[in-house]
Amino acid sequence: MRVAERMRPGPPALDAGESLGHAGRLLARHRLGALPVVRRHALIGLLDAADLDRAHPSAATSLAIGEIAGRLDRVRVERVLRPDLAAVGRRTPLVDAIRLMRARHLAALPVVEGERLIGLLTEDDLLVLLAQLLDEPPAP
Amino acid sequence: MKIKTLLTRPAITTGPATRLHDARALMRRRGIRNLPVIEDGRLVGMLAERDIDRAETSSVPEIATHDWLAPLADLVVADVMARGPVALHPETPVAEAARLARERRVDAFAVVDSDEVAGVVTRSDLLAVLSGLLEPGDPAGLGHVLAATSLRPGARRALGEALRIAGAAGAAVTALHVLPAARRVAALEGATGEDVVRVERARRRVADEATAAAAGRAQDVRCEVAEGPVAREIARRAEELDSDLIVVGTETRRGVLGGLVEALADRLVRLAPCPVLAVPRSGARDAGR
Amino acid sequence: MRSSPYARLLVLLDGTARGERALAWARHLARGPGSVVHLLMVEPAARALRAGGRTVAFVDQLEDGARAAARAYLGPVAARLREDGVTVWTHVRVGRAAQIVRAVIEELDADVLVLTDGVARPLPLHAAPIPVLMSGPRCPRFA
């Protein structure tokens, strides 16, 4: 099996200039653990829910709850983006993609053609595949 | 497959009063990202590294400046852990765990057996199972073929087929003849002279069959004899030899009451650790080959 | 390249990921020039849909729909096999599986039938005129 068979084609992506607040809302809307980040259609990184956690004000912040959202809306995604980027091609064997995701603790893996983002392989979709492969045939 | 097979080490846990700083150090030392939280021997929460990330100082300087640093140093596990975490019994099927991980949007489950925390199963562990299921066999694919032979008609064709496939793939072949279990009485009394002769005769028969089938091919065939429930013995041997394919002849048999007996091949498919090739008896179809 | 022991393989698919496990074996056994993999999906014969005393959908409409869906499924599956250098033909039939599989085996002069245990067994093993390769619930290694 190859990545192309289980990836989500044409995935949602974040523009590098979007805010962290927008990123959080987009992650929640699509129920994803990570989103690809693009600059003019080229993939430049992956924003993880954990990146948002790290950016979040601490438990001992003096910011009022109402102020936190505003603050996060003023920070651009590219400021918290990690420098290393993992991506695969559509013909990459699925086992290799899984190995990469586990090694780098990635909730999703961008799929590219050249620099262009063409798909996203998500942990959730892989868990669906796992359940499918393990399910017993229906009782006669 | 049950999640208990994924538990590879004793549970590493923490307590609600542990300082966050120490909990994170524990995670880093052991290379884990999820800690069940135990109080009075019972599971009271789950601490994820992300919970600690969220509670600690922001990575963005202009947000971090608003922190009171002192209280951060005093934060303990109970302040940030997830309460009432999903706990799964060790007998939970892996497929069920995969479904729950998606539905409940969790990264890890505590595995609990009668109030005792046996360990943690993470999404990464589930992906490892998937990896194992997808792992392609070795490039040649076929390393060993187990041919189940018998004295029934059609068995030689099965052996021939096994040799043909193995020859094309450069695989090794073992011809296995399983003698249905001898009467229980004889087994209890230990091998009698009669049993030994029976087995020896079968061994020679298998060797003859293999030689006949292999005639003209430069192939080495190991011949073996086993006793016991046929499908189970074949499956067992396939497991031991790490076979990639089992080849067996099919036949129609009528049971004592006249109904069709479930074919060996059907029974075997359910037990076999690798695919089964069921070869029909030579019939009109072969006439032209 | 080693020649394959089988020239014409018939793979029965049912549209599930489990059923596709048979493909890895077909790919393996089809290695070598001259081998062809035939992918077959059999859709059950439809009965006209009636509601409120009127026929709401006719048999041919339902069957055309089922055929189209099966073809839509088989298309990408065949394409992936072809990317691996396998010669692939796809077939969609409507009717009773046992009859159809037997007929297709004759028609194509197939020399092996490949299926996964999850796929409904179209005919009892001992009644198959050709060897049948089946992967059961305990078989793990398929890509």
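Helix 5 of chain A and helix 7 of chain B cross in a left-handed manner (the near helix is turned anticlockwise from the far one by less than a right angle). Helices are DSSP runs of H or I of at least four residues, numbered from the N terminus. The contact involves, among others, A:Leu94, A:Ile98 and A:Arg102 of helix 5 of chain A, and B:Leu127, B:Ser131 and B:Leu134 of helix 7 of chain B; residues are in contact if their C-beta atoms, placed from the backbone, lie within 7 Å.

The model is predicted: local features need pLDDT of at least 70 and side-chain atom pairs pLDDT 80 or more, whereas totals for chains, interfaces and linings use all residues. Residues are numbered from 1 along each chain as its sequence is written, and chains are lettered from A and ligands numbered from 1 in the order in which they are written.

## The interface

In chain B, 36 residues are in contact with 33 residues of chain A. Helix 7 of chain B gives the most to the side of chain B that touches chain A, with ten residues.

## Nonpolar cores

A nonpolar core is a set of buried Ala, Val, Leu, Ile, Met, Phe, Trp, Tyr and Cys residues joined through C-beta atoms within 7 Å; buried means that 20 or more other C-beta atoms lie within 10 Å of a residue's own. The largest has 81 residues, and B:Ile246, B:Leu268 and C:Val11 have the most contacts inside it. Helix 8 (residues 155–169) of chain B gives the most to this core, with eight residues. Another core, of 69 residues, lies apart from it and includes A:Ala55 and B:Ile3.

How values were computed:
Contact = placed C-beta atoms within 7 Å. Helix = DSSP H or I, 4+ residues; strand = E, 2+ residues; numbered from the N terminus. Buried ≥ 20, exposed ≤ 12 C-beta atoms within 10 Å, placed from the backbone.
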